[in-house]
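Good morning, and thank you for joining this group meeting.

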Amino acid sequence: MTSATVPADPADPAVPAAPVTEVTVVPGLFGADPLEYGKAVADVSAAGAELLHLDVMDGVFVPDVSFGLKAVGAVRTAFGGRLDAHLQVARPETYLDGLAAVGVDLVTVHVEGTPHIGRVLRELERSGIAAGLALNPGTPLSAVEEVAHLVEQVVVMAVNPGTSDFLPYTVDKIRRLRAALDARGLGHIRIAADGGVTAERAAGLRAAGADRLVVASALFKDPAGVASALRSLGAAAAGTP
């Protein structure tokens, strides 16, 4: 697994931010066996994962329900790296105080989940939490155009939330997003591909411009184990043996 170093203050217009040049494989805990979430957290910690992706689902925005605040707090206690709470929920603004209280590091919000995305990003800034934006496959890139400069990452869903069918056309969406960010001098913003990410697809997603690959089932169901799977996925993304 590789990672990237983001400038300390990329928002400062006087300090041009360097583009990201490496890729990070990010475990998505929802892909683990629900009866073994504790073991899964221990495994990714032992494997040296720097960021752990938690899908917070409400059964409204997506069909499934997962990782309420109590569960997020338990993962926070067990995992020493950074936590990304991916809010696949309606009205994400109602979750922010609770997530701040349990100590998440990054909150990724779907632009489709609220009519006031700028307000949500402002609340995250006030709480000292890094922000991310997520886009469903059918949502155009223009939905984040006005606020992309305020976030650490943009998550491009490569599946429809609540499903596992990889949508090949999202690769071009990532490519267009990377070009648009680079053209605006926002090359430091991470692009995460989320959904259906496998070793076979990793290189293509990386080539398109994704520098975070959220991997769930392909990671936790690998018979070789989490540590080996992380290494294999990182090598596949980087195009190395």
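Which strands does helix α4 lie across, and at what angle does it run to β5? Helix α4 (residues 117–127) lies across β5 (106–110) and β6, and its direction is about 175 degrees to that of β5. Axes here are lines fitted to C-alpha atoms, for helices over the stretch in contact (heavy atoms within 4.5 Å), and angles run from 0 to 180 degrees between N-to-C directions.

A word on the source. This is a predicted model, in which local features need pLDDT of at least 70 and side-chain atom pairs count only at pLDDT 80 or more, whereas totals for chains, interfaces and linings use all residues. Residues are numbered from 1 along each chain as its sequence is written, and side-chain values use heavy atoms, leaving out hydrogens and water.

The protein has eight helices and nine strands; these are DSSP runs, numbered from the N terminus, with helices (H or I) of at least four residues and strands (E) of at least two. Its radius of gyration, taken over C-alpha atoms, is 16 Å, close to the 18 Å that the globule rule (2.2 Å times the number of residues to the power 0.38) gives for 241 residues, so the protein is as compact as a globular protein of that length.

Let us turn to the sheet. Nine strands form an open, mixed sheet in the order β1-β9-β8-β7-β6-β5-β4-β2-β3; two strands pair if DSSP finds at least two bridges between them. Strands β1 (24–27) and β3 (65–66) stand at the edges with a single partner strand each, so one side of each has no neighbour in the sheet. Strand β6 (residues 130–135) pairs with β7 (residues 153–157) in the parallel sense over four bridges, and Leu135 has Val156 in β7 as its bridge partner.
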